[in-house]
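These are my notebook entries on a single structure. I set down what I looked up, entry by entry.

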Amino acid sequence: MVRLKVIACDVLKREISYLSSISECYVDVVYMPQGLHNTPDILRSELQNQIDLANIGFPYNHFELRPNYDYIILAYGLCSNGIIGLTSERIPLVIPRAHDCITLLLGSQTAYNKNFSESHGGIYWYSRGWIECSTQPGEERYLNVLNNYRETYGEDNAEYLMEMEQGWFKEYSKAVFIDWNCLGNTDYYRSYTKKCAEYLNWEFHELVGDTSFMERLLNGIFLDEEVQVISSGKKTVASFDENIIGVDI
């Protein structure tokens, strides 16, 4: 049986947990805290640490032998270039050709590009993991940030800071919920996204996600157009083309 070490962002926990349970491979997953992409150097350091740990070997020592994982999969995209410069001493790295996790949820970079171009870039994406792991744009986020500013800077300054905080919302016009219908409790996440859209005066849309990309990934099926395999000792680089991820040779 192929042994896969998966290092993933917490926002993909439900999707990866489900697919791991039906994979033909042994899948050992470690989830990293959401938000590390906001500090790419920290994300890079944390991922490298997990890669180094995985290179020690498979965690179960049978007959005094410690076999290797066959592959280390990073369930990340470029993520603010936080995955650039990573290397694995002995075990190949596998990294999706994606800018972020939305490509994984939609099933392909083609699907991501299509939705992005048709919406003229005005989409803010909602998913189970993003709703669970962070406070998404909406009334809840507004009130939480406002109260924090009031406590820290006082009432007058809080109002000014909220104007600055809300400024970037103007770049968006649609709240799009990505639903994997193989997962449960859809009504809650759909309703949450709708309420956020209503509060922000955005359009609400729902897309059915596609499991196929991540399903192949977690079954050890690596297509050149979907992933970059980084052989041991090599480093990840940004390719600045449609491949997104490359190898430092």
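**Entry 1: a bridge and its sheet**

I began with Tyr-124, whose bridge partner in β6 is Ala-175. Before going further I noted the basis of the work: the model is predicted, local features need pLDDT of at least 70, side-chain atom pairs count only at pLDDT 80 or more, and totals for chains, interfaces and linings use all residues. Residues are numbered from 1 along each chain as its sequence is written, and side-chain values use heavy atoms, with hydrogens and water left out.

For the element names I kept to DSSP runs numbered from the N terminus, helices being H or I of at least four residues and strands E of at least two. Strands are taken to pair if DSSP finds at least two bridges between them. I then found that β5 and β6 (residues 174-179) run parallel and are joined by four bridges. They belong to an open sheet of three strands in the order β5-β6-β7, with parallel pairing. β5 (123-126) and β7 (203-208) are its edge strands, each pairing on one side only. On average, neighbouring strands of this sheet are turned by 30° against each other, direction ignored. Here axes are lines fitted to C-alpha atoms, for helices over the stretch in contact, and angles run from 0 to 180 degrees between N-to-C directions.

I next asked which helix lies across β5, β6 and β7. Helix α8 (residues 186-200) does, running at about 175° to β6.

**Entry 2: helix α6**

The 15 residues should span 21 Å, and the end C-alpha atoms are 21 Å apart, which agrees. I listed Val-145, Leu-146 and Tyr-149 as the buried residues of α6. These fall within an arc of 100° seen down the helix axis, so they line one face of α6; the arc is that of the directions from the helix axis to the C-beta atoms. For burial I used relative accessible area: under 20% is buried, over 50% exposed and in between partly exposed, with a 1.4 Å probe and protein chains only. The cover over the buried residues of α6 includes α7 (155-167). Gly-154 follows α6 and has a positive phi, near 95°.

**Entry 3: salt bridges**

I searched the whole structure for salt bridges and recorded nine. The criterion is a side-chain nitrogen of Lys or Arg within 4 Å of a carboxyl oxygen of Asp or Glu.

I looked up Glu-132 and Arg-14, which form a salt bridge with their closest N and O atoms 2.6 Å apart. Glu-132 is in helix α5 (residues 128-133) and Arg-14 in helix α1, 118 residues apart, so the pair links distant parts of the chain. Glu-132 counts as partly exposed at 41% relative accessibility, and Arg-14 as partly exposed at 42%.

Asp-179 and Arg-128 also meet in a salt bridge, at 3.0 Å from N to O. Because Asp-179 lies in strand β6 and Arg-128 in helix α5, this pair ties together parts that are 51 residues apart in sequence. Asp-179 is buried at 5% relative accessibility, and Arg-128 is buried at 1%.

In a further pair, Arg-216 and Glu-226 have their closest N and O atoms 2.4 Å apart. Arg-216 lies in helix α9 (residues 212-217) and Glu-226 in the loop between α9 and β8 (227-230), so parts ten residues apart in sequence are tied together. Are these two residues buried or partly exposed? I find Arg-216 partly exposed at 24% and Glu-226 buried at 10%.

I also noted a network of salt bridges linking Asp-187, Arg-190 and Glu-206.

**Entry 4: positive phi outside glycine**

Asn-185 lies in the loop between β6 and α8 and counts as exposed at 52% relative accessibility. Ile-244 has a positive phi as well, near 70°. This residue sits in the loop between β9 (235-238) and β10 (245-248), and Ile-244 is buried at 4%.

**Entry 5: Ser-20**

Ser-20 counts as buried at 16% relative accessibility. Contact means heavy atoms within 4.5 Å. Leaving aside neighbours within four places in sequence, Ser-20 is in contact with Val-27, Val-29 and Leu-218.

Key. The expected span of a helix is 1.5 Å times one less than its number of residues.
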